[in-house]
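Me: I would like to learn how to read features in a protein model. Could we go through some of them one by one?

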Amino acid sequence: MPPPLKPILIAGPTASGKSALALELAEHLGGAIINADSMQVYSELRILTARPSAADEARAPHALYGFVPASQAYSAGRYVKDAAAAIAAARAEGLRPIIVGGTGLYFKALTEGLSPIPDVDPAVRQYWRDEARSKGAGELFIHLTMQDPETAARLNPSDTQRIVRALEVLQSSGRGLRYWQSEKGTPVVELAESHAFVILPERGPLQERADARFDLMMEEGALEEADRIGRLGLDPELPAMRALGVAPLMAHLRGDTGLDEAVTAAKAETRQYIKRQMTWLKRYMIAWTAIGMKYNEINSADVLSFIQS
């Protein structure tokens, strides 16, 4: 049996052209594209997350796109299991796995493994979410500091989401989150046995691309998509509700802001997200092959030549 084809990993900030690159490589190399974007998993968020179009999906096999309802909180732990299955399915079909996205945590989990944090009792999770709403992050942080100072020392006192996570793990397992994080998991994809690329464009031109893309999203029905999500009456703490553009557009739909103001806010939100993504990519992906952008475009031919050499 010949050795399995090396997987291709493509990480990059939003609007950097990584999905288009993945599609070109899939067509040239016989690949299956596997999503690594935490928002593109949600079925109700096609436009606002810039999910591949039906036409793109017809050009090459795609996996892990739009298969989770927005009413669910999809996790990195579940992603690792789903991605492992998708990689195995691609190889069974003789296709090269091409994993593409902008969620650094997903790539980190795939290539380094996840700590074996036990499942949290849903009742415990709900209790601490309710506590966060009624008491706020500050009071919960004080409680965490008293019960689990090692974990608390690594958290921002105003980071409600991570504080709640630490408290629910502590109560469910009897051990602090930091203890579990020190236990290493098993990688799904070995970085040394992959072609790993990280797109690092100049921030200014990238932000211009992101602005133009949001204008296109509006033309394609982003406002109507936000309206449909709003009508579901979902918990605002759910991950899908934090997708870029959702909150500003829903504020407009409630009559709280004008449309121009909502669009401006969504673009500003996207620029801040790009900044955070770039910081993550440069910090954690220094061993990956960096791809620049000439004339605001990726030279896919150079990437293809690198893989085939």
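Reply: The backbone oxygen of proline 13 and a polar atom in the side chain of serine 16 lie 2.7 Å apart. Bear in mind that this is a predicted model.

Me: Where does serine 16 lie?

Reply: Serine 16 is in the loop between β1 (8-11) and α1 (18-29).

Me: Is serine 16 buried or exposed?

Reply: A residue counts as buried when its relative accessible area is under 20%. Serine 16 has a relative accessible area of 1%, so serine 16 is buried.

**Aromatic pairs**

Me: How is a pair of aromatic rings described?

Reply: Two quantities are used: the distance of the centres and the angle of the planes. Rings pair if their centres lie within 6.5 Å; planes under 30 degrees apart count as stacked, and planes over 60 as edge-to-face.

Me: How many aromatic pairs does the rule give here?

Reply: The count is seven aromatic pairs. One of them joins tyrosine 79 and tyrosine 106, with 4.0 Å from centre to centre and 10° between the planes, and this pair is stacked. Tyrosine 79 belongs to helix α3 (residues 76-92) and tyrosine 106 to helix α4 (residues 104-112), so the pair links distant parts of the chain, 27 residues apart.

Me: Are tyrosine 79 and tyrosine 106 buried or exposed?

Reply: Tyrosine 79 is buried, at a relative accessible area of 0%. Tyrosine 106 is buried too, at 4%.

Me: What kind of pair do phenylalanine 107 and tryptophan 288 form?

Reply: Phenylalanine 107 and tryptophan 288 form an edge-to-face pair, with 5.4 Å centre to centre and 85° between the planes. Phenylalanine 107 is in helix α4, while tryptophan 288 is in the loop between α12 (259-284) and β6 (289-291), so this pair ties together parts 181 residues apart in sequence. Phenylalanine 107 has a relative accessible area of 1% and is buried. Tryptophan 288 has 8% relative accessibility and also counts as buried.

**A charge over a ring**

Me: Which residue lies over the face of tyrosine 179?

Reply: Here one looks at the charged end of a Lys or Arg side chain and its place relative to a ring. Arginine 175 lies over the face of tyrosine 179, and the distance from the ring centre is 4.3 Å.

**Positive phi**

Me: What is the phi of alanine 50?

Reply: Alanine 50 has a phi near 55°, which is a positive value in a residue other than glycine. Alanine 50 is located in the loop between β2 and α2, and is partly exposed with a relative accessible area of 25%.

Me: What about leucine 64?

Reply: Leucine 64 is not a glycine, yet its phi is positive, at about 70°. Leucine 64 sits in the loop between β3 (62-63) and α3. With a relative accessible area of 12%, leucine 64 is buried.

**Sequence separation and distance in space**

Me: How far apart in space are histidine 143 and glycine 230?

Reply: From C-alpha to C-alpha they are 34 Å apart, and in sequence they are 87 residues apart. Histidine 143 is part of helix α5 (residues 122-147). Its relative accessible area is 32%, so histidine 143 is partly exposed.

Me: And where does leucine 45 lie?

Reply: Leucine 45 is in the loop between β2 (31-35) and α2 (54-59). Leucine 45 counts as buried, at 0% relative accessibility. Its C-alpha atom is separated by 30 Å from that of leucine 191, which is 146 residues away along the chain.

Me: How much space lies in the second largest pocket, and which residues are closest to its centre?

Reply: The second largest pocket holds about 150 Å³ of space. It is lined by 11 residues, and those closest to its centre are Pro4, Pro7, Arg91, Glu190 and Glu193. Sorted by class, the lining has six nonpolar, one polar and four charged residues.

Notes. Residues are numbered from 1 along each chain as its sequence is written. This is a predicted model: local features need pLDDT of at least 70, side-chain atom pairs count only at pLDDT 80 or more; totals for chains, interfaces and linings use all residues. Side-chain values use heavy atoms; hydrogens and water are left out. Rings of Phe, Tyr and Trp (its six-membered ring) pair if their centres lie within 6.5 Å; planes under 30 degrees apart count as stacked, over 60 as edge-to-face and the rest as tilted. Helices (H or I, at least four residues) and strands (E, at least two) are DSSP runs, numbered from the N terminus. Buried means under 20% relative accessible area, exposed over 50%, partly exposed in between (1.4 Å probe, protein chains only). A charge sits over a ring if NZ of Lys or CZ of Arg is within 6 Å of the ring centre and within 35 degrees of the ring normal. On a 1 Å grid over the protein atoms alone, a cavity is a set of points where a 1.4 Å probe fits but cannot get out, and a pocket is an open set with protein on both sides within 12 Å along at least five of seven lines; lining residues have an atom within 4 Å of a point. Grid points are joined across faces, edges and corners, and a volume is the space filled by probe spheres set on the points. Ala, Val, Leu, Ile, Met, Phe, Trp, Tyr, Cys and Pro count as nonpolar, Asp, Glu, Lys and Arg as charged, and the others, Gly among them, as polar. A polar contact is a pair of N or O atoms within 3.5 Å; within protein, one must be able to donate a hydrogen and the other to accept it, and residues adjacent in sequence count only if both atoms are side-chain atoms.
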